[in-house]
Amino acid sequence: QVQLVESGGGLVQPGGSLRLSCAASGSIFSIHTMGWYRQAPGKQRELVAIITSGGSTNYADSVKGRFTISRDNAKNTVYLQMNSLKPADTAVYYCNANVIEYSSPNPRSHWGQGTQVTVSS
């Protein structure tokens, strides 16, 4: 079994910063892509940023230049540094990881439980 545990959400004023963390644990052989998604009330879940095991990244246009995704492969952890936050960034943020487990050679997608980010004055 694989678990993803997120932390770092909260309430912040517009223009502020937050750093999200997501640690994967369990029967992990390797992790391919890790990423962050978000879902605002009444909207579909959307990609925020992804990072490959080699460090290549991709961002949603709405967060380019403000958010930075990074990972520590030794700790099976992915981070999202969010700067210059806007009210439009308010959402539940979910961590995702494509994991190869010891029990199977095929990668499986796993999700965290979500962490609330609220940007408001």
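Modeller: Strands here are DSSP runs of E with at least two residues, and helices are runs of H or I with at least four residues, both numbered from the N terminus. This is a predicted model in which local features need pLDDT of at least 70, side-chain atom pairs count only at pLDDT 80 or more, and totals for chains, interfaces and linings use all residues. Residues are numbered from 1 along each chain as its sequence is written, and side-chain values use heavy atoms, with hydrogens and water left out.

Colleague: In which strand is the place of Ser30, and is Ser30 buried, partly exposed or exposed?

Modeller: Ser30 belongs to strand 4, which covers residues 28-39. Buried means under 20% relative accessible area, exposed means over 50%, and partly exposed is in between (1.4 Å probe, protein chains only). Because its relative accessibility is 24%, Ser30 counts as partly exposed.

Colleague: Which residues does Ser30 touch, not counting those up to four places away in sequence?

Modeller: A contact requires heavy atoms within 4.5 Å. With residues up to four places away in sequence set aside, Ser30 touches Asn98, Val99 and Ile100.

Colleague: Which parts does the aromatic pair of Phe29 and Tyr102 tie together?

Modeller: Rings of Phe, Tyr and Trp (its six-membered ring) pair if their centres lie within 6.5 Å, with planes under 30 degrees apart counted as stacked, over 60 as edge-to-face and the rest as tilted. Phe29 and Tyr102 are edge-to-face, at 5.7 Å centre to centre and 80° between the planes. The pair therefore ties together parts 73 residues apart in sequence, with Phe29 in strand 4 and Tyr102 in the loop between strand 9 (91-101) and strand 10 (108-111).
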